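Here are my notes on this model. Please read them with the structure open.

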Amino acid sequence: MSELVTIYIDGQPYEVPKGANLVDVAKFYADNGIPVFCYHPKMEPVGMCRMCLVELGTIMRDRDSGEVITGENGEPQVRWFPKLQTACTTTVTDGMVVRTNTDAVIEARDDMIEFLLTSHPLDCPICDKGGECPLQNLTMAHGPGRSVFYWEDKVRLAKHVPLGELIYLDRERCIQCARCTRFQDEIVGDDVLAFHERGRELQIITVSDPPFDTYFSGNTTDICPVGALTTADFRFEARPWELKDIASLDVYGPEGANISLSTRLDRDAGGIVIIKRVMPRQNEAVNEIWISDKTRFGHHHTRAAERLTKPKVRVGDRLVEAEWDHALEVIRKHIKPNVSVGAIAGPTLSNEDLWELRKLAQAVNAGAKLSIYPATMTGGDIIAQVGVGVGTNFKDMGSGTTIVVVASDIEEEAPIWYLRTKVAGDRGAKILVLNARETRLDHYAADSIRYDYGAAVSAVNDLAKHEAVTNAENLVLICGAEGMTLEQHGELMNACANLLVSTGHVGRPNNGLLAVWEGANVQGAFDVGFSTEATAEMMAKVPDLLFIAGCDPIGESAEAAGLSKAKFIVVNSLFDTPTTAVADVVLPSQSFAERDGTFTSGERRVQRFYPAQGVIGQSQTDWRIFASIRNGLNGSAVQRLTAGVFKELAGEIAAYEGLTYPALAVVERQFPDVGGDDLYYGGTAYQNNGGLGVQYPATSEAEGAKPSKFATKGKKTSYKGLTAIPVNRLYDRGYLFKYSDELMQQRIGEPFVVINPADAANIAGGSRVGVTIDGVQYEALAVVSEDAPKGFVLMPKRLTSQPGPFAPAAIETIEVIAEPVGA
């Protein structure tokens, strides 16, 4: 616990942590909002805007005795600084005295506001920030009310400057606080924005190609204290006071990022409530106040024109629309006694959906296979045993902590974990990166360890002798699955668990294992009893009756092609896909934005999301669809509310014992105190009013627990010939995200493969090539680079319209289809 000191703010004493920032403690402990523009508690103070000027002094003490010196009236004497000081660059010490409401301070604030407004446009009525603008608020609170500057002296600058296709800059509104440039430099490490020109001509520019090349650009619009930076999909779309904000969760990654959906009744959408923008929702234990651009701009699938609105039933060789009662009756008629059954759950199904799918499948056949898609990773049971301890928070990781990232390009696969790992490294944590190739995180690593694809287990075993591991007070392993089969990944998870157990880094906060699951609720699926091993078994031996929900395995994965051989297929989906094309019945699902439920993050944190958007057509929640089918089979009751399903689940799943919706909705005050009515710190990240969630404990945290080691074969896999390595890209054309393609198309790009120069032969960079695997040719742009290890071709998943390999695969041929343009 931090040492407490006594400071005095406007005559009142406060006990505050020693060394804390004065602006922060004044707001948090004294509810005194010292006005700021440039300062933000997530970044280093720079004192640029001078808005936080205060009178500062210290209580005088006798040099010999250390006693407080008092005046004639018995009050302590204060030695005041001769000039006003910036509060944001001041850290508190015992006996500090602060005055924030004197005439000198008020005059200084008036002057600073007046200077800022000399060239600021008076376009508040049409500004996207209007109504939630710190400059507006502080002008009303501290501005002089009139200006002595001449209108003719106003500097006019460009008002619609694209910093890329996602973010627009209004240069007249910019007050040069440098929050955006500092965020990109200090927090993200993507130094892609800079200042250009000088004085009143000072402007923000992008210095990357493509412009504003980062996965976190939208966060700059959140922390911008004025309307200078706006997003392409919200610009001029709605006024903040028209919006209703609903707590929700990211549907793409394992981090469990908390978000707020800003919604409004929309005429153009047919008079239903729709999402107008996605904002970060503060959860300091999960994503702090940041979200990736995929999370921010990837919501367009929820109201895409391609959404399914009615059930479909196969008649001959066609799928035709039908009523719900008829579709459900068709399904019931095809469910025969003792029929073999399989259920494939996509990564966006909620825990409640998974529970009802399990009940349905086992009601048909107690031996039903419950499987997870994509089937690239395993070890949910291992996470339940030696996963990171309750209370784990990347914010607490610094000197003494070692973070190991193995077999994962974590920036592409879990961008919030990447961001928090990088910042932990800035605080002194040692980062080790184990991979067969270089990734972005290598730039911040204390050590980058290379292994050959197929030899990751040996590399992890060797870490037991690494100084950063043997000397670590805390150790976190983050495990991906790049370049591995499902079996190989199981071996890697076992090896990671063994390293943690043997070094004693389990069962406590900031120690343990994280898996970079491919989706938002893969951990929840493991918890409810689904597995990826069952998926592999089903692909090898297809069941007679197959339920598929929340995914498009046949359209994405070459390994899933055989699933179409099932005798009867029921698919729950938001869209028509290659998987629905082979179905016998297609049932329209609701998106995450239309319903409530829970996800379990990779850190085993169970969190709630809430209904935000109007229902599209006749779509229903997945759990209700499964329960309705089961009800028609055996007459069993259907829960009325999602909360009832979760209550039933929590009563059966040991790890969830005692969890309730009210418990998941509990909130507490967090630091920094962002958002609120005063929008303090000048940003639009939202306070958390929807719940912080509950992290259930790993079994290794139980009193007296002695985790045993896991069996590993330790066998290396050798690859012969040229081998394709499927890799993940943050921006892809996956089941949901492809419906943001119009907005994100420049970022998604066209399909490509990365070939080592030694393997390229006569293939020039920029050529269009055909890569043949298992008799199927994949057309892509060739990138010739040493980013790909010799003997391997990196092949991003979900970029082509064809289903591609999800595990390492032998390449039969690579041939040039077209030479580079201009060659």
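**Strand pairing and helix packing**

1. Glycine 770 sits opposite glutamate 779 of β33. Strand β32 (residues 768-773) and strand β33 (residues 776-784) are antiparallel and share six bridges. Strands pair if DSSP finds at least two bridges between them. Helices (H or I, at least four residues) and strands (E, at least two) are DSSP runs, numbered from the N terminus.

2. This is a predicted model: local features need pLDDT of at least 70, side-chain atom pairs count only at pLDDT 80 or more, and totals for chains, interfaces and linings use all residues. Residues are numbered from 1 along each chain as its sequence is written, and side-chain values use heavy atoms, without hydrogens and water.

3. Seven strands build an open, mixed sheet, ordered β35-β30-β34-β31-β33-β32-β36. Its edge strands, β35 (809-810) and β36 (813-818), each pair on one side only.

4. Another open sheet has three strands, antiparallel, in the order β27-β28-β29. β27 (597-600) and β29 (694-695) each have a single partner strand, so one side of each lacks a neighbour in the sheet. Two bridges join β28 (residues 605-609) to β29. Arginine 605 has glutamine 695 as its bridge partner in β29.

5. The axes of α2 (residues 103-117) and α3 (residues 134-142) come within 10 Å and cross at roughly 135°. Axes are lines fitted to C-alpha atoms, for helices over the stretch in contact, and angles run from 0 to 180 degrees between N-to-C directions. The contact (heavy atoms within 4.5 Å) involves Arg109, Asp110, Ile113 and Leu117 of α2 with Leu135, Leu138, Thr139 and His142 of α3.
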